[in-house]
Amino acid sequence: MNVYRGVLIAALLTFLQGSCSTAPAQTKAAQSARQLAPTPPMGWNSWNKFGCDVSEQLIRETADAMVSSGMQAAGYQYVNIDDCCQVSRASDGTIVADPARFPSGIKALADYVHSKGLKLGVYTDAGRLTCQKRPGSFDHELQDAKTYAAWGVDYVKVDWCYSEGLDPEVQYAKFRDALAQAGRPIVFSICDWGVKAPWKWGPATGNLWRTTGDISDHYDRMSVIGFSQNGLEKFAGPGHWNDPDMLEVGNGGMEPDEYRTHMALWVLLAAPLLAGNDLRSMTAETKELLMNREVIAVDQDPKGVQGHRMWDEGPLEIWVKPLADQSQAVGLFNRGESALSITLNLRALGMSGPAKLRDLWEHKDLGPVQDSYTAEVPKHGVMMLRVSQ
Ligand code: GAL
C-alpha cells in the first residue's frame, strides 16, 4: 500500500515538474505561432500552375498582380515560391538559388515583395532532396533557417520527399527549433501529406500541416480531399491550421459550380487560402470567386473554428462553421449528378425562427426564415449562407 502511494506521489511530482518546466516555453511558442497566423494564411503559391517553371520575373509579376488585381486588398499577402528554386549548396553548405532563374538572388526578391506590402515564402524538404530532386534540408535545418532569416523570408513550406527512415514528428520539430533559433518570425508550413497524422503533433510544431496528398485541378480529387476533412476540426485553431492543400480556382479544370464548391469548402474548413493560378491573367469570374469578401470573411473569422459536416443524406451534405458574432456559416452541398433541393432546418443549427439568412455568393439577404429554408442546388454546386438570429 505504502509502496503504491509512494509511486503515485513520485509520478505526480514528475508530472508537476514536467509541466512547470515546459509550460512557459510551450506558452511562448504557442503565443508566437498565434501571432504569426491568427487566421489561416492567405496568399499564392507557384506549384499548381507553374510547377518547376519559377523565376524571379514570375514572382515579381505575381506580386505586382496581387496588388493591382485587388487580391492584396482582399487579404492575400504571401507570395510563395514552391519547389525548384534551389539548385545546389555552396562549399560552406549554404543553399543556392538557381542563378539563371533568380539572378538577383532571393534577398533582393524579398525586398521587392516587401516593398509592395507583401510577404515572401520559400520551399524546402525535411528529407535529403526535394520532390523535384533539389537539395533538401536534412542535416542543414539550422543553416537553412538562418539563410531564410537573412534573406528576409516570411513563410517556409517544408515537404517530405526522400525522407526514408525519418520520423516526421522528429524532423519537423527540428525545423521548428531551427526557425526559432534563426530569430525571424517565419510561418512554418508542414507538408507531409498526412503521414503520421500531423494534426496530432502539428499544433505544437507548425502553423499549418497538410492533411492529405496533392490536390489536382479536377472536381473528383478536390472533393475527395475537401469532404474528407470532417473530424479534424478539433485540431485547428488560431495559429495552427489543417491544410487540405492549395487552391486550384482559376486553373480551368473545373466547372464554375465546382470551383464554388472548392472555395466554399475551403473557407468552411478554415483552410489556408493559397491561390494556385496565374494572377496576371484572371477572368472576371475567377476574381469574383477568389475575392468575394463575404466568403473570405468566413475563412478569416477571428473565432478560428474549423467547420464540420452537420448532416448528410446520399449526395447531399450540410457543413457548418460557427463565427465570432454568434452567426453561423453554412454550406449546402450537392455532390450529385443533377440539381437537387436541400433543406436546412434551423433547429439543427441550434436556432429558432425567425432567423436572418444571407446568400454570400450573391451578397443578398434572403429575408427572415421561421423553421427551415430550402434551396435548389446545382450538380456539384453549393449554396453558401450566413445564418444569424
Ligand atoms: C509535393 C507537395 C506539393 C508540391 C510538390 C513540389 O510533395 O505536396 O504541394 O510542393 O511536392 O515538388
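**Close-up views of disulfides and helix contacts**

**View A. The disulfide of Cys-131 and Cys-161.** Cys-131 is joined to Cys-161 by a disulfide, with an S to S distance of 2.0 Å. The term disulfide is applied here to a pair of cysteine sulfur atoms within 2.5 Å. At 95 degrees about the S-S bond, the link of Cys-131 and Cys-161 is right-handed. Cys-131 sits in the loop between strand E5 (119-125) and helix H6 (141-151), and Cys-161 in the loop between strand E6 (155-159) and helix H7 (168-182), so the pair ties together parts that are 30 residues apart in sequence. Helices (H or I, at least four residues) and strands (E, at least two) are DSSP runs, numbered from the N terminus. With a relative accessible area of 24%, Cys-131 is partly exposed, whereas Cys-161, at 16%, counts as buried. Buried denotes under 20% relative accessible area, exposed over 50%, and partly exposed the range in between, with a 1.4 Å probe and protein chains only.

The model is predicted: local features need pLDDT of at least 70 and side-chain atom pairs count only at pLDDT 80 or more, while totals for chains, interfaces and linings use all residues. Residues are numbered from 1 along each chain as its sequence is written, and side-chain values use heavy atoms, with hydrogens and water left out.

**View B. The disulfide of Cys-52 and Cys-84.** A disulfide with an S to S distance of 1.7 Å connects Cys-52 and Cys-84. The pair links distant parts of the chain, 32 residues apart: Cys-52 is in the loop between helix H2 (47-50) and helix H3 (56-68), and Cys-84 is in the loop between strand E2 (78-80) and strand E3 (86-89). Cys-52 is partly exposed, at a relative accessible area of 31%; Cys-84, at 1%, is buried. By the rule for disulfides, the count comes to two.

View C. Counting bonded cysteines along the protein chain, the disulfides follow the pattern 1-2, 3-4. Cys-85 takes part in no disulfide, and the nearest cysteine sulfur, that of Cys-84, is 9.1 Å away. Cys-85 is buried, with a relative accessible area of 8%. For Cys-191, the closest cysteine sulfur belongs to Cys-131 and is 7.0 Å away, too far for a bond. Cys-191 also counts as buried, at 1% relative accessibility.

**View D. The packing of helices H9 and H10.** The axes of H9 (residues 219-227) and H10 (residues 256-268) come within 10 Å and cross at roughly 20 degrees. H9 is thus roughly parallel to H10, a term for angles under 35 degrees, with over 145 counted as roughly antiparallel, 65 to 115 as roughly perpendicular and the rest as oblique. Axes are lines fitted to C-alpha atoms, for helices over the stretch in contact, and angles run from 0 to 180 degrees between N-to-C directions. In this contact (heavy atoms within 4.5 Å), Tyr-219, Met-222, Ile-225, Gly-226 and Phe-227 of H9 meet Glu-258, Thr-261, His-262, Leu-265 and Trp-266 of H10.

**View E. The packing of helices H3 and H5.** H3 and H5 (residues 105-115) pack at an angle of about 10 degrees, and their axes are 10 Å apart. The two helices, H3 and H5, are therefore roughly parallel to each other. H3 contributes Glu-56, Ile-59, Arg-60, Ala-63 and Asp-64 to the contact, and H5 contributes Gly-105, Ala-108, Leu-109, Tyr-112 and Val-113.
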